[in-house]
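Here is a short briefing to read beside the model. Keep the sequence and the 3D view open as you go.

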Amino acid sequence: MRCPFCDADQDKVIDSRASDGGRVIRRRRECLKCSRRFTTYERIEETVRLMVIKKDGSRVPYDRSKLLRGIQQACYKRPVTADQLTQAVEQIEDDIYRAFDREAESAEIGRIVSAHLQRLDQVAYVRFASVYKDFRDAEDFLDEVRQVIATSKLQGPGQGKLFK
Ligand SMILES: [Zn+2]
């Protein structure tokens, strides 16, 4: 694997572990030239691709990068690390593949994503939900925000700060 820092082509694997229920192998590598560390992920090629059923009934192949982009946008300027993002995508995919065989409605995927975001970051959750739930009016949206605030108050101080 070519080192992303110095471009050298020699490294050693210093740690290797399975995640996502054994579907992904994560390898921590160290460059033999500059000694810097980086991570690679190995996963099974998706030969049987999940199809996503859109609102209008049309079907598109499931796209991991689209999912990641959506989550990145929701987490923009939030205290969420790149590792947490990757982990969230893996857990979301795990849930999707566990719940659906060949096809999944986009709304169902949205439901799974928002459940994960709700645990990860409350602001990211509200941002995502405002798009996915397609709130009919401002009142619907405020209801959701109020629920989030109420829940976060129950979880204790520090987490209730929805907007800075
Ligand atoms: Zn290097």
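Buried means under 20% relative accessible area, exposed means over 50%, and partly exposed lies in between (1.4 Å probe, protein chains only). This is a predicted model, where local features need pLDDT of at least 70, side-chain atom pairs count only at pLDDT 80 or more, and totals for chains, interfaces and linings use all residues. Residues are numbered from 1 along each chain as its sequence is written, and side-chain values use heavy atoms, with hydrogens and water left out.

- Cys31 is buried, at 1% relative accessible area.
- Cys34 is partly exposed at 25%, and Cys6 is partly exposed at 25% too.

**Disulfides**

- A disulfide is a covalent bond between the sulfur atoms of two cysteines.
- The search looks for pairs of cysteine sulfur atoms within 2.5 Å.
- Across the whole structure it finds 0 disulfides.

**Positive phi**

- Most residues other than glycine have a negative phi.
- Asp7 has a positive phi, near 75 degrees.
- Asp7 sits in the segment before strand S1 (11-19) and is partly exposed at 48% relative accessibility.
- Ser35 also has a positive phi, near 70 degrees.
- Ser35 sits in the loop between strand S2 (24-31) and strand S3 (37-43), and is partly exposed, with a relative accessible area of 46%.
- Strands (E, at least two residues) and helices (H or I, at least four) are DSSP runs, numbered from the N terminus.

**Aromatic pair**

- Rings of Phe, Tyr and Trp (its six-membered ring) pair if their centres lie within 6.5 Å; planes under 30 degrees apart count as stacked, over 60 as edge-to-face and the rest as tilted.
- The structure holds 1 aromatic pair.
- Tyr62 and Tyr97 form this edge-to-face pair, with 6.4 Å centre to centre and 80 degrees between the planes.
- The two are 35 residues apart: Tyr62 is in the loop between strand S5 (59-61) and helix H1 (64-74), and Tyr97 is in helix H2 (residues 82-99).
- Tyr62 is buried at 3% relative accessibility, whereas Tyr97 is partly exposed at 23%.

**Salt bridges**

- A salt bridge is a side-chain nitrogen of Lys or Arg within 4 Å of a carboxyl oxygen of Asp or Glu.
- The whole structure has 11 salt bridges.
- One of them joins Arg29 and Asp11, with the closest N and O atoms 3.0 Å apart.
- This pair links strand S2, which holds Arg29, to strand S1, which holds Asp11, across 18 residues.
- Arg29 is buried at 12%.
- Glu93 and Arg64 meet at 2.6 Å, N to O.
- Glu93 lies in helix H2 and Arg64 in helix H1, so the pair ties together parts 29 residues apart in sequence.
- Glu93 is buried at 5%, while Arg64 is partly exposed at 22%.
- Arg98 and Asp94 form another, at 2.7 Å.
- These two are 4 residues apart in helix H2, about one helical turn.
- Arg98 is exposed at 62%, whereas Asp94 is buried at 12%.
- Asp94, Asp95 and Arg98 are linked in a salt-bridge network.
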